[in-house]
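Reader: I am new to predicted protein models. Could you show me how to read one, feature by feature?

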Amino acid sequence: MKASTGIVTCLLMIGALLAASGCSNGSDSDSSGSPDASPNKELAPMTITYAAGDNNPLWDGMQSDVGKLITEKTDISMKAQFPISVNDTDMFALMVANNEYPDIVSAKGSVGKLKDAGALIDLTPLIEEHAPNIKKVYLLLL
């Protein structure tokens, strides 16, 4: 069960990053048609919010070398929320009550509350349409 939860969380994070980095307001190349053209600078920096059901002492606020590279290449950063107490149910109950959700959620034991509130969406059709190779990679891991 832990492996499938981890895979779902990874898929959600990858999907959000792919969706955010794939958005553009123009063509992918400059007027010369050069493939080396610089990225579209009209896009504003983006912050993806993330809520985890348990405190993660390894969270570094995207300050690791990998996190910095992701932010540099995509102009996307990530802001994480963790529960103050050991029990994650308070944090997710508050989200449901306020109808305010982060972009990505790793809810652990509170998935039922989020599902009952209609806060979860099935990413399967989006993955099949926009990122079919993700399924191939994760099927190899199972």
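## Reading the model

Reader: Let me start with one residue. What is the relative accessible area of S85?

Author: S85 has a relative accessible area of 33%, which makes it partly exposed. The classes are buried (under 20%), exposed (over 50%) and partly exposed in between, using a 1.4 Å probe and protein chains only. One note before we go on: this is a predicted model, where local features need pLDDT of at least 70 and side-chain atom pairs count only at pLDDT 80 or more, while totals for chains, interfaces and linings use all residues. Residues are numbered from 1 along each chain as its sequence is written, and side-chain values use heavy atoms, with hydrogens and water left out.

Reader: Where does S85 lie, and which residues does it touch?

Author: S85 sits in the loop between β2 and α3. A contact means heavy atoms within 4.5 Å. Leaving aside residues up to four places away in sequence, S85 touches N55 and D90. Now compare sequence with space. D54 is 31 residues from S85 along the chain, but their C-alpha atoms are 8.9 Å apart.

Reader: How do I read the names α and β? How many helices and strands are there?

Author: They are DSSP runs, numbered from the N terminus: helices (H or I, at least four residues) and strands (E, at least two). This chain has six helices and three strands. Along the sequence the pattern is α-β-α-β-α-β-α-α-α.

Reader: And the sheet? In what order do its strands stand?

Author: General idea first. Strands of a sheet pair through backbone hydrogen bonds, either parallel or antiparallel. Here two strands count as paired if DSSP finds at least two bridges between them. The three strands form an open sheet in the order β2-β1-β3, and the pairing is parallel. Strands β2 (76-81) and β3 (104-106) stand at the edges with a single partner strand each, so one side of each has no neighbour in the sheet. From one strand to the next, the twist averages 20 degrees.

Reader: Which helix packs on the sheet?

Author: Helix α3 (residues 89-98) does, touching β1, β2 and β3. For angles, axes are lines fitted to C-alpha atoms, for helices over the stretch in contact, and values run from 0 to 180 degrees between N-to-C directions. The direction of α3 makes about 125 degrees with that of β1.

Reader: How many bridges join β1 and β2?

Author: Six bridges pair β2 with β1 (residues 46-52), in the parallel sense. Follow the partners. M46 stands opposite I76. I48 faces M78. T49 stands opposite K79 in β2. Between the two strands, the chain passes from β1 through helix α2 (residues 65-74) to β2, and this β-α-β crossover is right-handed. That word means a clockwise path from the first strand over the helix to the second, with the strands pointing away from the viewer.

Reader: How do I judge confidence? What is the mean pLDDT of the chain?

Author: pLDDT is the predictor's confidence in each residue, from 0 to 100. The chain averages 73, and 66% of its residues reach 70 or more. Over residues 1-6, pLDDT stays under 50, and the model has zero contacts there beyond four places in sequence. Residues 18-38 are also below 50, but this stretch has 16 contacts in the model beyond near neighbours in sequence.

Reader: Last, the whole chain. What share of its residues is buried?

Author: Buried residues make up 23% of the 142. Among contacts between residues at least 6 apart in sequence, 62% join residues at least 24 apart. The chain exposes about 10,100 Å², with 58% supplied by carbon and sulfur atoms.

Conventions:
Areas by Shrake-Rupley, 256 points an atom, 1.4 Å probe, with all protein chains shown as cover.
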